Amino acid sequence: MTLYLLDTNVLSNLSKPRPSPSVLNWCHRLRPRNWCIAQCTIIEIRRGIKILALKGERARADALSDWFDNLMAMRPRIIALNDHIIDVFTDLSLVPELQNVFAPNPGKYPARVGRDLEIAATAIVVNAIVVTVNVSDFLAINDHVRLPGLFNPDTDQWLVRPRRRETEAVGEEGHWDMHRRLSAKILKH
C-alpha cells in the first residue's frame, strides 16, 4: 500500500475559501487509509490559528479552528514522533546545507519554525511519499537523503519518483539504511 504524508501547506490549501482545484481534486481521490499527517503538522496548524488570534484576526482564527476540528473529526492517521523519527530529524538538522530549512528566519517574531525536516524524517521512517506544494526544501533534503517520494498535487508532478518496495526487500538499500549512512557521515565531521 502506498502511503502519502500530507504537508501542512496541502492541508492549509484545503482550508482556503478557494482552494487550488488540482490540490482539491487530488485529495478527493485519496482513500482514507492511504494518507497520513505528521504530528508536527498538527502543531503547525494549531500554532498558525493561535497566531491569527493574537494578531486580532479572531474571525479568521475561528473559521480555521472550525475547519481544523472537522479535519480531526475525520480521524486521520497521525504519525507521532518516535525514537527513529527523532534520530533522522536530528541528523538532518546537523547537515550544514540544510540549516536554512531547520531555522528559516531566525530573530523574527513570531518565528517561523522549520517543520520540513521533521516531515521528511517522518516520511523516511514510515516510507511515505511527501505530498507538498512547496517542494524546494524537500528537494534540498533529497540531495542528502533520498526521500521515499515527492509529489506536488498542484502541478501533478513527481519530483522524486517512489521506488518499488519489492526492490528494497531483495537487498537494494532502503531509506533507513541511507539514514544510517548519513548519520555516520555527519558524525565523522
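Which residues do ring pairs link into a cluster? They are Tyr4, Trp26, Phe151 and Trp158. Keep in mind that what you're looking at is a predicted model.

Let's start with the rings. Searching the whole structure turns up 3 aromatic pairs. One of them brings tyrosine 4 together with tryptophan 26 in an edge-to-face arrangement, with 5.3 Å centre to centre and 85 degrees between the planes. This pair ties together distant parts of the chain: tyrosine 4 belongs to strand E1 (residues 4-6), tryptophan 26 to helix H2 (residues 21-29), and they sit 22 residues apart. How accessible are the two partners? Tyrosine 4 has 16% relative accessibility, so it counts as buried. Tryptophan 26 is buried too, with a relative accessible area of 8%.

Now for the nonpolar side chains. The largest nonpolar core is made of 27 residues, and the ones with the most contacts inside it are Leu5, Leu92, Leu98, Ile119, Phe138 and Ile141. Strand E2 (35-38) and the helices H5 (83-93), H7 (116-126) and H8 (136-142) each put in at least two residues. H7 provides the largest share of this core, with 6 residues.

Skip its neighbours within four places in sequence, and phenylalanine 138 is still in contact with Asp7, Asp116, Ile119, Ala120, Val130, Thr132, Leu147 and Leu150.

Key:
Residues are numbered from 1 along each chain as its sequence is written. This is a predicted model: local features need pLDDT of at least 70, side-chain atom pairs count only at pLDDT 80 or more; totals for chains, interfaces and linings use all residues. Side-chain values use heavy atoms; hydrogens and water are left out. Rings of Phe, Tyr and Trp (its six-membered ring) pair if their centres lie within 6.5 Å; planes under 30 degrees apart count as stacked, over 60 as edge-to-face and the rest as tilted. Helices (H or I, at least four residues) and strands (E, at least two) are DSSP runs, numbered from the N terminus. Buried means under 20% relative accessible area, exposed over 50%, partly exposed in between (1.4 Å probe, protein chains only). A nonpolar core is a set of buried Ala, Val, Leu, Ile, Met, Phe, Trp, Tyr and Cys residues joined through side-chain atoms within 4.5 Å. Contact means heavy atoms within 4.5 Å.
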